[in-house]
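Please examine the protein shown here with care. The explanation below is meant to be read alongside the structure.

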Amino acid sequence: EQKDVYKDTPPAKLQRMFMPDAGPAAIALSLNENVHLCWDAGTCQFRYAWNGKFIDQWPVWRGNGNALAVVQGKIFSQVGQGNPFSQTEKVKFKGYKEIAGQYVFSYSVGKVKFELTPEAVSSNEIALKFSTNAQQNLAYKPAISLGTWSADKGQVADGTLKLTAKEAQNFTITFKAEAK
């Protein structure tokens, strides 16, 4: 049996990796020592967040490309596949950059350009800080399957956040574990 020669190496803060419940263009991001998230670059969306350890990448590295990394903790928030800003417009991942220790994902949905900065709020809560060049109203409808979400701007009705063009310029969506 092969031995994980990377076992004692600290993981990268951001790792392109085959992740469970995400498309092949997944990115695992460690926000701090205890809070992490999976970003799907194919659909340009947050997929889930967990607390605990980061990921075990060895199943992917030792195999033939058909294995997935192992989430080493408890998932507290999760959404289904599909960009929550659009079911019809084309999404395009533009990349990511690191600014002062925080990662920023850039992508577009139709003509709207997005920059997203994820942050850990607590061990069971993350904030997604968005800035856009929106010139029209935006609607956000995540297919939430675990946890709850809220927004600091706009109006939520029937699971959809409606933002005016002005509100859509800068807003934050928070995902957290359901209260026990």
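The following paragraphs treat the confidence of the model, a sheet, a pocket and a cavity in turn.

The model is predicted, and a reading of it may begin with confidence. The protein chain has an average pLDDT of 89, and 87% of its residues score at least 70. Among the elements of the chain, the lowest mean pLDDT, 66, belongs to helix H1, residues 58-62. The highest mean, 98, belongs to strand E15, residues 170-176.

Strand E15 is also part of an open sheet of six strands, arranged in the order E6-E7-E8-E9-E15-E12. The pairing in this sheet is antiparallel. Strand E6 (91-99) and strand E12 (148-151) stand at the edges with a single partner strand each, so one side of each has no neighbour in the sheet. From one strand to the next, the twist averages 25 degrees. As a general principle, strands of a sheet pair through backbone hydrogen bonds, in either a parallel or an antiparallel manner.

Strand E8, residues 112-122, and strand E9, residues 125-132, are paired in the antiparallel sense over eight bridges. Glu 115 takes part in this pairing, and its bridge partner in E9 is Ser 131.

The volume of the second largest pocket is about 300 Å³. Its lining consists of 22 residues, of which Pro 84, Phe 85, Ser 86, Gln 87 and Ala 139 lie nearest the centre. By class, the lining of this pocket has ten nonpolar, nine polar and three charged residues.

How many cavities of 30 Å³ or more does a search of the whole structure find? The search finds one. This largest cavity holds about 80 Å³ of space. It is lined by 14 residues, and those closest to its centre are Gln 45, Phe 46, Pro 84, Phe 130 and Tyr 140. Strand E4 (45-56) and strand E9 each supply at least two residues of the lining of the cavity. By class, the lining of the largest cavity divides into twelve nonpolar residues, two polar residues and no charged residues.

Finally, Pro 84 deserves attention in both spaces: Pro 84 is among the residues nearest the centre of the second largest pocket, and Pro 84 is also among those closest to the centre of the largest cavity.

Technical notes:
Residues are numbered from 1 along each chain as its sequence is written. This is a predicted model: local features need pLDDT of at least 70, side-chain atom pairs count only at pLDDT 80 or more; totals for chains, interfaces and linings use all residues. Side-chain values use heavy atoms; hydrogens and water are left out. Two strands pair if DSSP finds at least two bridges between them. Helices (H or I, at least four residues) and strands (E, at least two) are DSSP runs, numbered from the N terminus. Axes are lines fitted to C-alpha atoms, for helices over the stretch in contact, and angles run from 0 to 180 degrees between N-to-C directions. On a 1 Å grid over the protein atoms alone, a cavity is a set of points where a 1.4 Å probe fits but cannot get out, and a pocket is an open set with protein on both sides within 12 Å along at least five of seven lines; lining residues have an atom within 4 Å of a point. Grid points are joined across faces, edges and corners, and a volume is the space filled by probe spheres set on the points. Ala, Val, Leu, Ile, Met, Phe, Trp, Tyr, Cys and Pro count as nonpolar, Asp, Glu, Lys and Arg as charged, and the others, Gly among them, as polar. pLDDT is the predictor's confidence in each residue, from 0 to 100.
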